[in-house]
Amino acid sequence: MTAAQPEALWAGEQPPAFPLVALVGQPQLQLALLLAAVDPSMGGVLISGPRGTAKSTAARALAALMPEVPFVTLPLSATLEQVVGTLDLEGALRDGRVRFAPGVLARAHEGVLYVDEVNLLADVLVDALLDAAASGVNTVERDGVSHRHPARFVLVGTMNPEEGELRPQLLDRFGLYVAMQNPPDSATRAAIVRQRLAYEADPVGFVQRHAAASASVAQRLRCARERLATVTWDDAILEHVAQCCQAARVDGVRADLVLLKAARAHAAWHGRATVAVDDVEAVQALALAHRCGGSPASGREPSPPPQSMSASMAAPTSQGGSPAPLDGTAAGHHPAPVRAAPGDVSPGGGDASAGDWGAMEPEPITVPQPALPQWADWWPKKP
C-alpha cells in the first residue's frame, strides 16, 4: 500500500481506532482507563498532558474494546439542556403534554462519555457530568420537568494544563488522574512514531495484527467487571487505605472511597477474590496524586505523600527505550505472583522491524477468548 492510498481509502470514512494494547510507554494511562471501565462508579479518569501525547487516542482505544456500547463525545459548545436533557417543547406544543427530551447523559448510558478539554467547559456542565458519573443517575428539575433516569457511563476527560486550570473542587471529583509527559528519550519517541506510521499506512492491517491481544484484554475486562461485586477486603486493608490518605493530607474522605474502589477494581482485573496491599499500592498514585500537595491541573508538580507513591508514579523504561515491565523489575525477571504488574496491557512484545513495536503478548486467562465479546449486556444492572 502506498503512502497515498490510505488517504483515498479513508476519505469520508472513519478508520478503526488505534488499539489500546499498541500504545507505547503509557502503562499508567492504560491501567487507569481499564480500572475506570471495571468500576465506573469511581468517577472516571482525567488525563492531563501536553499536546500530542495520545490523550484522545487512548480514550477512543478504550471504547474500541467495547464495540457494542455507545461512545459519546461532549462538544465544548454544549449547553446544560443538551447535557442533562430538558422539556420537549415540540411535543408540549403539539399535544399539550409535558415530556422529557433526553440529553447527552442519556445517550451515554452504559457506554463511554468522552470530554475533550474538560477544563474549558463551564463549571455547571462539569458539575452535572461528575454528579451523574458518581451516582449513576441523572436528575433533572427545570422548566416544569422533574425527571430521573439511569446514567451509568465511563467518564474520560482530557485536558492540556497550558490552556487553563480545573478548579480543585472539580478536580477532586474525578476518580483517577493520569499526568501525561513528553517521551523521556529519543528511543521512545522513535518507537511511538514507528507505531503511528505503521497504523496510518494500513489502519485495518495494524488493528488486525493486534486483534488477538485486544480480544484478550476485552474478555479480561468483561470478566473483571462481572467479578467486581464479589471482591472483598478486610479491616486491615481499610486501615491501610486510611493511612495512605492521611499521609497524603487529602481533604475529606472521597479519596479513601476512590482508593478502595480502585484497589478492588485492580484485584478484579487480576482475578483475585480479595483486595491485597499490593492492589492499594498499585493504584495509589492514580487515586491520590491530584488530591495532595500542588494542583496537577495547574502544571505544578504535586508533592507525593510518604510511603510508596513516588515509586508507583513512574513508568520506568528499560535501556534502549523499550518499555520495562510495569512492576519495575528488570527485563527477564519474573515477579512474585501477587505483585502482578498494574498495567498488564502495556506494550511489552512485538518486533520493531515489522512495524509492531510495543504490541503486547496477551496474558493467558482461564476463560474462553472469542474474537471480541458481545457487550450488549456488559453493564450489570444495580441490585
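Predicted model: local features only at pLDDT ≥ 70, side-chain atom pairs only at ≥ 80, totals over all residues.
Two residues are in contact here when they have heavy atoms within 4.5 Å of each other.

I start with two helices, α2 and α11. From α2, residues L34, A37 and V38 meet V217, L221, A224 and R225 of α11. Sorted by class, this contact has six nonpolar residues, no polar ones and one charged one.

How do we describe such a pair? Two packed helices are described by the angle between their axes and the distance between the axes. For α2 (27-38) and α11 (residues 211-227), the angle is about 45 degrees and the axes are 9 Å apart.

Five strands make an open sheet, and going across you meet β2, β5, β8, β1 and β9, with parallel pairing. Which strands are at the edges? They are β2 (71-73) and β9 (176-179), and each of these pairs on one side only. From one strand to the next, the twist averages 20 degrees.

Strand β1, residues 45-48, and strand β8, residues 153-159, run in the parallel sense and are joined over four bridges. Within β1 and β8, I47 stands opposite T158.

Two helices pack on this sheet. Helix α3, residues 55-64, touches β1, β2, β5 (111-115) and β8, and its direction makes about 170 degrees with that of β8. Helix α7, residues 123-135, touches β5 and β8, and its direction makes about 145 degrees with that of β8.

Let me stay with α3 for a moment. Which of its residues are buried? In α3 they are K55, A58, A59, A61, L62 and A63. The cover over the buried residues of α3 includes α2, along with β1, β2, β5 and β8.

Last, helix α13, residues 254-269. Is α13 mostly covered or mostly open? It is mostly covered, with 13 of its 16 residues buried. After α13 comes G271, where phi is positive, near 75 degrees.

That is the tour.

Key. Residues numbered from 1 in each chain as written. Heavy atoms only, no water. Pairing = 2+ DSSP bridges. Axes fitted to C-alpha atoms, helices over the stretch in contact; angles between N-to-C directions. Buried < 20%, exposed > 50% of the residue type's maximum accessible area, 1.4 Å probe, protein only. Nonpolar A, V, L, I, M, F, W, Y, C, P; charged D, E, K, R; others polar.
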